[in-house]
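Try each task before you read its solution.

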Amino acid sequence: MKILEVKDLKKSFGKTEVLKGISFSIEKGEVLTVLGSSGSGKTTLLRCLNFLETPGSGEIMVAGKEIYSSNAEKKLTDKEIRERRLNFGLVFQQFNLFPQYTVLKNLTLAARLGAKEGPFKRLPKSASAEIEKRALEILESVGLLEKKDAYPCQLSGGQQQRVAIARALMLSPKILCFDEPTSALDPELTGEVLSVIKSLADRGMTLVIVTHEMAFAKEVSDKIIFMDNGVIAAEGTPEEIFSGSAGERINKFISAVS
């Protein structure tokens, strides 16, 4: 079953074309890695998927349901955008944690606000307890249960990024996206974050990962796309991409970053 289908997605900023017609699909439980040099459009693609940017044209479908089409007669309302954004989770390069809140509150805040946006004006104790229980379970799964009462400034960079991953998991996204999740980390902290991401892949989560970690991409991916100047210049399995037969441009890229 195709969990994500992207068709002819385009995005410009002024006269600058950043995405020039991106099309791909992935199955439920697959890991798609997006490779490419800075400026190739990778982050813009993730931001369009997560409704942080509005594409100029194209379609996005999740689990067979159209969530964005440039041909739609009506513009999406803010509420519709928030609802459709819930299909995705996004973990940024920078951790973007709320510094004034504990680890536990960083995880529960969005879930509590989302619950209040539903039938509840005031969150029932039972719902609040369920949200906190889920947060504690997720923290345990990323190895940070003992840090639940800590503040972000008291954590290492690797721990902060694991909290950011846990926060993204709180809303049960169908697809979890990572935008170079280790680029802000010292090399010795990179491994702990990649280990958490690999565990999510092993559990069957659908992941879209932008990364420059070539060994990790080769190990964890089901499919790889290589973006260059706003287009998909190569795509295939890790074996196909890293075999040397996928094209001169991607071979140069892999050689440069490896």
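Buried means under 20% relative accessible area, and exposed means over 50%. The model is predicted.

**Exercise 1.** Find the buried residues of helix α9 and decide how they are arranged around its axis.

*Solution.* 
Step 1. Helix α9 covers residues 248–257, and its buried residues are I250, F253 and I254.
Step 2. Look down the axis of α9: these residues fall within an arc of 95°, so they line one face of the helix.
Step 3. Recall that an α-helix has 3.6 residues a turn, so residues three or four places apart point the same way.
Step 4. Now turn to the face away from the buried side, where E248, K252, S255 and A256 are exposed.
Step 5. Find the partners: the buried residues of α9 pack against β3, α7, β9, β10 and α8.

**Exercise 2.** In which sense do strands β1 and β2 pair, and over how many bridges?

*Solution.* 
Step 1. Strand β1 spans residues 2–13, and strand β2 spans residues 16–27.
Step 2. They pair in the antiparallel sense, over 9 bridges.
Step 3. The hairpin has 2 residues between the strands, and G14 takes a positive phi near 65°.

**Exercise 3.** Describe the largest pocket and its lining.

*Solution.* 
Step 1. The space in the largest pocket is about 930 Å³.
Step 2. Its lining has 30 residues, with R85, L86, F88, A110 and L171 nearest the centre.
Step 3. Elements giving two or more residues to this lining are α2, β6, α3 and α5.
Step 4. Helix α3 gives the most, with 7 residues.
Step 5. Sort the lining by class: 17 nonpolar, 7 polar and 6 charged residues.

Notes. Residues are numbered from 1 along each chain as its sequence is written. This is a predicted model: local features need pLDDT of at least 70, side-chain atom pairs count only at pLDDT 80 or more; totals for chains, interfaces and linings use all residues. Side-chain values use heavy atoms; hydrogens and water are left out. Buried means under 20% relative accessible area, exposed over 50%, partly exposed in between (1.4 Å probe, protein chains only). Helices (H or I, at least four residues) and strands (E, at least two) are DSSP runs, numbered from the N terminus. The arc is that of the directions from the helix axis to the C-beta atoms. Contact means heavy atoms within 4.5 Å. Two strands pair if DSSP finds at least two bridges between them. On a 1 Å grid over the protein atoms alone, a cavity is a set of points where a 1.4 Å probe fits but cannot get out, and a pocket is an open set with protein on both sides within 12 Å along at least five of seven lines; lining residues have an atom within 4 Å of a point. Grid points are joined across faces, edges and corners, and a volume is the space filled by probe spheres set on the points. Ala, Val, Leu, Ile, Met, Phe, Trp, Tyr, Cys and Pro count as nonpolar, Asp, Glu, Lys and Arg as charged, and the others, Gly among them, as polar.
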